[in-house]
Amino acid sequence: MSNGKIDVLLGLQWGDEGKGKVVDVLTPRYDVVARFQGGPNAGHTLEFEGQKYVLRSIPSGIFQGGKVNLIGNGVVLAPDLFMDEAKDLEKSGHELHSRLHISKKAHLIMPTHRILDRALEAAKGKNKVGTTGKGIGPTYTDKVSRNGLRVGDILENFNDKYKAHKQRHLQMLKALGWTDFEGFEATEKKWMEGIEYLRRFHIVDSEIEINKLLRAGKTILCEGAQGTMLDVDFGSYPFVTSSNTICAGACTGLGVGPNKIGNVYGIMKAYCTRVGAGPFPTELFDETGKTIRDLGHEYGAVTGRERRCGWIDLVQLRYSIMINGVTELIMMKSDVLDGFDTIKACVAYRLPDGTETRDFPYEIDDVKPVYKEIKGWKTDMTRFSSPDQFPQEFKDYITFLEQELETKIGIISIGPDREQTIEL
């Protein structure tokens with residue numbers, strides 16, 4: 001009996017590293033693409049054949065014919081948003097019903113979860129986390145407090161289960177003194193349509209299915225949402241998401257043993273960005289930061305929010321590589337730095353007591369980056385098709401990163417299109 005393997009692809013920074021594009025480049029090599037955590041707060045943007053798609057809950061392998069795409073048990077799903085996303089894809093000619101499988105154990109984001117999200121965020125006052133307001137935090141909270149509603153619950157007595165959960169949420173909102181229910185009825189009506197739409201898909205015991213696929217020798221690519229520094233355990237807590245975004249999350253979010261994990265592809269940008277509140281040691285508040293934002297079109301795929309921009313942070317990346325067990329790095333948006341005379345990389349942090357560290361500390365609020373300056377390559381690389389064309393300065397930057405991070409870089413992206421991807 002041949003055994004397949006599971007490779008994991010995840011972001012190593014604060015999300016938005018460009019995972020969607022890479023999944024789309026890698027999927028032709030795999031039989032199955034699976035999402036293991038997160039919800040519709042993450043957007044994966046894919047561009048090809050002159051079309052632009054933003055996927056929120058559906059795995060990025062949906063554009064490749066004949067692949068199984070699996071939404072795992074670690075994902076939280078909003079039926080109404082899922083329906084919109086799926087119908088948009090169907091309109092553009094991508095058939096979903098035979099290809100997309102959804103775990104019975106994935107949790108449902110209820111309309112009242114979104115109201116709770118807003119109410120709880122408002123109650124935090126100046127300590128806001130900067131949530132997207134999509135109800136993801138409250139859904140995961142219900143999950144761990146053993147009060148969740150799951151996809152498998154839609155198969156019988158659903159209305160009774162739904163009413164009981166809704167009632168509980170309304171009592172919580174009352175206790176919070178929350179009165180703003182504007183648009184709730186319309187949202188709920190559409191949400192229920194989404195539930196009916198969900199019933200048309202393969203709703204499966206995904207952990208059994210994925211292990212059977214492995215035993216049949218199939219190759220599986222797991223895609224994570226967000227990034228390592230938003231992991232609920234290892235990220236910059238409390239400014240994090242509510243799930244495990246790291247490699248270990250693929251085991252819990254799909255129901256596979258750690259010995260099944262093969263390669264771990266870690267995606268990073270040639271610089272660094274962050275959305276929402278929270279510490280960001282290498283953030284640039286000057287013209288350079290603004291230039292990077294404009295050149296890199298650093299605005300959220302789902303929210304349109306401006307991303308905060310800064311130089312690459314190697315202390316943070318070494319930490320991410322360590323906890324994920326990264327076997328190969330993929331560097332995105334290298335072309336954004338094409339025009340700079342000098343590029344900086346943070347190689348250590350100066351702590352408040354004046355000492356320097358290369359290890360990632362418990363608190364990063366008050367650390368100062370220690371930079372190394374690297375000569376820029378001053379070359380437009382967007383039309384390149386082979387690593388032989390790279391200028392020497394860029395090759396030096398790659399070598400420097402590989403030495404600092406003790407991990408090889410396997411793929412370089414030099415633009416948004418599928419074609420602008422160079423394997424080393």
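Visitor: What makes Cys272 count as buried?

Guide: Its relative accessible area is 0%. Buried means under 20% (exposed is over 50%, partly exposed in between, with a 1.4 Å probe and protein chains only), so Cys272 is buried. Bear in mind that this is a predicted model, where local features need pLDDT of at least 70, side-chain atom pairs count only at pLDDT 80 or more, and totals for chains, interfaces and linings use all residues. Residues are numbered from 1 along each chain as its sequence is written, and side-chain values use heavy atoms, with hydrogens and water left out.

Visitor: How do you know how many disulfides there are?

Guide: A disulfide needs a pair of cysteine sulfur atoms within 2.5 Å, and by that rule the count is 0. For Cys247, the nearest cysteine sulfur belongs to Cys251, 6.2 Å away, so Cys247 is in no disulfide. For Cys272, the nearest is that of Cys309, at 9.0 Å, so no disulfide there either.

Visitor: Why is Trp14 called buried?

Guide: Trp14 has 2% relative accessibility, so it goes down as buried.

Visitor: Which residues does Trp14 touch, leaving out those up to four places away in sequence?

Guide: Contact means heavy atoms within 4.5 Å. Among the residues Trp14 touches are Cys272, Gly227, Met229 and Phe280. Trp14 and Gly227 are 213 residues apart in sequence, yet 4.8 Å apart in space, C-alpha to C-alpha.

Visitor: What makes the Trp14–Ser236 pair a polar contact?

Guide: The two side chains come to 3.2 Å. The cut-off is a pair of N or O atoms within 3.5 Å, where within protein one must be able to donate a hydrogen and the other to accept it, and residues adjacent in sequence count only if both atoms are side-chain atoms. So the Trp14–Ser236 pair qualifies.
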